[in-house]
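Hi everyone, thanks for making time this morning.

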Amino acid sequence: MNTPNKDQLSKFAAELDNLRNTVIDQLGEKDARYIIRLIAIQRSLDLCGRIAIAIAFLAFSGTLAWLIAALGILLLSSSKILDNMEIGHNVMHGQYDWMNHPTINSRVFDWDNAGHNESWKRYHNHEHHTYTNVLGKDRDFGYGLLRLSNDLPWKPKNLWQFFTFINLSALFEWGVAYHELAGERVFFGKKKEDSNLPISDQQLKKDFFGKAGKQLFKDYVFFPLICWPVALQILICNVIANVIRNIWTGTIIFCGHFTEGAHTFSEDSIKNETRGDWYYRQILGSSNISGGKFFHIMSGHLSCQIEHHLFPDVPSSYYRQLSPKIAELCSTYDIPYNTGRFSKQYFEVVKRILYYSLPEKWQPAYG
Amino acid sequence: MNLSSLNEKLPLFKGLNDTYIYPIMEALPTSFRIGMKQTIVTDVRSEGGGITTLRLHLKNASILRHLKAGQHIELGLESKGKRICRTFSISSSAQQSKEFGYIEVSFKVNANGALTPLLNEQTVGSKAVHVNKPNGNFTLPLHPAKEKSVFIAAGSGITPILAMLEEAAFYNLISQCLLLYYVKDGEHYPFKERLSALHAKGLSFKVMPTKQTGHFALEHLTHDNPTSTKRCNFFLCGPGNLIETASQALLDQGADRSQIFHEHFGLPITAQHKPIPAEDNAMSAHTVFLTRSNSSFNSPANTSLLISAENEGLTPNFGCRIGACHQCICRKNSGRVLNLKTGKVSDNGPEDIQLCISQAIEDLSLDI
């Protein structure tokens, strides 16, 4: 791969800016109705799912009850997936702030997820999106649990990191909530040298426990209790719905940054970075998953991770139509554009996790 | 018991509405919009002098229960998927509004504005205009212990005063009212008929064509009002300089601050908005009013709002400082800002802005 020179990158950046402006100029009624309708669909799914689960056990018994409950779980987990991915993630990125809507905006929107919205905005929107895959800067790279590059020192715990990965997938929202909070630092007092957080540790803890408590109360206390005689069954169903959501979201997100071709960067390499360099790094550090419209919506268009990283505040519904244009632009400038089927990308992630669980000297040749 | 009072009393009910009912209702093809009340436009008419009056019937008039003459109301309209909100003075009398369940707002159409050009005759019958609760402290004191009420209005600053005068007429206090009304043209001025009707009921009222009389001067008042300043309440509404000169003159005459009530009528109604080039305005300093803390600070040229606030010793919430993390986002009530990231100039109405990438290009009001 040839690295494009400064001149080429600045032309490349200008073309991308141009693409972005074309989209921004056409935002309107259609986009506002899209997100409003999607939220209504998601809320209806949530409501129907919860009602179906309750009715299943209150009015039926045996296998039939569990069959109806399974349908309810499917609705509830789809609702949670839509809420976290296509709605929450994108609204909290400020993609719909132009609507001047009182609830659909990055200032007040909150999601059905253990992560506190303010903490998430701080770490995800800023750290992860600005310093994507920069080792030591982007804590989303391996979430402090997985070793995905030889640039990170090997520790014995990396030997079983495949199982850590499985656990992280099932508990993804908690892993992210805890990690976004700089958990290690807040709870165990490890300090990062150049930390200049505009928020106190007390506030971070308060936010974390406040939101965590709210989530646990809602799904595991409130909804089970209002259907008292079948509280345990409802609790079980809610756990399953949350785990399904976690596995789905975790998997999509891992495929976005930890595939075989996803590059990592050193802190030194991003000094004096130009807009073109930044765009270039975002493309190298991200990977797409190909699929149909439904798949893209259910993945919050994080299946168009490259487009999302180039334009995090452009409404995600435009990523699909931007994707072929950007792929073409990349081929013109000889920049690798990493995309593939879900199975291919997921297999690469698993392979990468297994490969780097070994220290460098024990690793076989990659491939 | 109606929906809004249930909402206030039962948090669970409110949670249910906010989470499920309202978002679903908004997506249906109705005129329901989250955070605003539904209306239907029943009349649009010209008042002369370039002023238009819009009559809005409320679907649920309960928000008018506490309406007081002189208050203002926020109107919202969607244009290209974006909500445009502006505050207007209510010109209908409070009694009429409560009895018939409608309000009237009057405004000068601003050809360069985002909202007023959309409120024309074609709006009649439309359900596109939404409103918020009426608001404002520029109202008649509950117990008019003073002998006389003196109203001084300039231009479209007459609108809240008109509502107050009608309130006074309703309580048979109109003969104790004096109005000085500064207008451009002494023959054709807004609300001529309604003012004549009030005059017939006993209002002392004087039209002051500024071409002949000039702007406010104390003689204008003393000439027609032999009552001692100490025995009057004063109600001022118009541009900032009218309020400043008149208040100062009255204070010099021995009036107490508690006797003077005023409403700045700057944006959005009277402002003569020419689209000023953002570059020119970015070169000068502007004042930023903070409504919640009731303070203000100076925002110098070419400096983001976040930095200028911090330079003044304020500590707004912030994060990345480059417009990425959306943590310093706050509500702007009015005034235009330049987005330093996109180079675009905002609307002058209420909307969310990121302090770290916004620069004042005119005086602003922020909800912090």
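The side chain of A:Thr132 makes a polar contact with that of A:His309, at 3.2 Å; by polar contact I mean N or O atoms within 3.5 Å, where within protein one must be able to donate a hydrogen and the other to accept it, and sequence-adjacent residues count only if both atoms are side-chain atoms. Another, of 2.8 Å, links the side chains of A:Thr132 and A:Gln282. A:Thr132 sits in the loop between helix 4 (117-130) and helix 5 (161-170) of chain A, and counts as buried at 0% relative accessibility.

A quick word on conventions. This is a predicted model, where local features need pLDDT of at least 70 and side-chain atom pairs 80 or more, while totals for chains, interfaces and linings use all residues. Residues are numbered from 1 along each chain as written, chains are lettered from A and ligands numbered from 1 in the order written, and side-chain values use heavy atoms, without hydrogens or water. Helices (H or I, at least four residues) and strands (E, at least two) are DSSP runs numbered from the N terminus. Buried is under 20% relative accessible area, exposed over 50%, partly exposed in between, with a 1.4 Å probe on protein chains only.

Over to chain B, where six strands form an open antiparallel sheet, ordered 4-3-6-1-2-5; pairing takes at least two DSSP bridges. Strand 4 (82-89) and strand 5 (102-108) of chain B are at the edges with a single partner each, so one side of each has no neighbour in the sheet. Strand 3 (residues 72-79) of chain B pairs with strand 4 over eight bridges, and B:Leu77 stands opposite B:Ile84.
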